[in-house]
Amino acid sequence: MSVITDWTPEKARAFTRANLAFEHGLHERPMFDDAGLESLLDRYPRDKLGVFTMGHDPVDWQSWRRGSAGDLSGRQLLNAAKEGRIWLNLRHANDYLEDYAALEAEVFSEKTERTGVRTFKRDLGVLISSANAQVFYHLDVPLVSLWQVRGQKRVWVYPVAAPHVGPEQLEKIVLRETAEQMAFQPAFDGVAEVFDLTPGKMVTWAQNAPHRIENGPMLNVSLSMEFMTPAALMRANVLYANAVLRKAGARPSVQAVPHPGALAKIALARAVKVSGMSKTFDKSLPTTFTLDPARPGVPVDLAA
Ligand SMILES: [Fe+2]
């Protein structure tokens, strides 16, 4: 039984090249029920756990704050997500936990079998987030697929083009020169492709496509799977080389398909650090709140 239940030859061909919606069966697995999530939160390395809260205005990316989970148990953390306004991010769960490593192997071997695309630098992350929480407008360097397991969320995916993201902005993100979120304008939503995710739905989008997310009015559990393919890594390397060239005064452009110019640029690029802008941004944030076991949903400000 395959994880994705609606493969077609057309989808297999378009995989990694277009925004695509799929159906899957992961939401039926007990590893994502309350007991499974509590166990996951207890077993996942606490120092790697991303804990965030945020405001309500999709333009106000500066309201994104990092917190600390302290010594809360998995059950208390799950309660915090159910009752509060937090976003728990368990990146690279496949690197730390055997059951998630097995899930990664299962999902990605199926992708390769169905599409012929080789994948690497795989990051299977688990997102456990509160009712109505949001992730601000941003983009990621690798390819991404977002799998909905519990609850509902809306995902807006924007074109990889100005004014949504310009070449210089993209290059800065690949170079990790910018710690700023990208400016979002509500008018962008008019050209976005909108995906309403419910349990059993997955969406994957074109590499580097800006996106933002809003949860429905309930606990959300999703899997974020990031990965590279040879073509995706080449694109990232070309962007990196372009950034270097632009700094030297040239006016480079992105080559969509590999050709000799792109290959020459890659020779100029050092190894690209595969990282999304959100990751860079998150790492630069100070820890400004903690969670109180007595009132697990309420962020408690730390003294400045
Ligand atoms: Fe993202």
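**Questions on the predicted model**

Visitor: Which residue caps the N-terminal end of α2?

Guide: This is a predicted model, in which local features need pLDDT of at least 70 and side-chain atom pairs pLDDT 80 or more, whereas totals for chains, interfaces and linings use all residues. Residues are numbered from 1 along each chain as its sequence is written, and side-chain values use heavy atoms, with hydrogens and water left out. A side-chain oxygen lies 3.2 Å from the backbone nitrogen of Ala35, a polar contact being a pair of N or O atoms within 3.5 Å, within protein one able to donate a hydrogen and the other to accept it, with sequence neighbours counted only if both atoms are side-chain atoms. The capping residue is Asp33.

Visitor: Which residues of helix α2 are buried?

Guide: Helices (H or I, at least four residues) and strands (E, at least two) are DSSP runs numbered from the N terminus, and buried means under 20% relative accessible area, exposed over 50%, partly exposed in between (1.4 Å probe, protein chains only). The buried residues of α2 pack against elements including α3, α5 and β12, contact meaning heavy atoms within 4.5 Å. Within residues 34–43, they are Gly36, Leu37, Glu38, Leu40 and Leu41.

Visitor: Which residues coordinate the iron ion?

Guide: Donors are N, O and S atoms within 2.8 Å of the metal (3.2 Å for Na, K and Ca), and sites may look incomplete, as water is not among the atoms. Along the chain the donors follow the spacing H-x1-D-x70-H. His138 lies in strand β6 and His211 in strand β11, so the pair ties together parts 73 residues apart in sequence. At 2.1 to 2.2 Å, the coordinating residues are His138 (NE2), Asp140 (OD) and His211 (NE2).

Visitor: Is Asp123 buried or exposed?

Guide: Asp123 lies in strand β5, and a polar atom of its side chain lies 2.7 Å from the backbone nitrogen of His92. Its relative accessibility is 4%, so Asp123 counts as buried.

Visitor: At what angle do helix α6 and helix α7 pack?

Guide: Axes are lines fitted to C-alpha atoms, for helices over the stretch in contact, and angles run from 0 to 180 degrees between N-to-C directions. The axes of α6 (residues 167–175) and α7 (residues 230–247) are 8 Å apart. The two helices are therefore roughly perpendicular, a class covering 65 to 115 degrees, with under 35 roughly parallel, over 145 roughly antiparallel and the rest oblique. The packing angle is about 105°.
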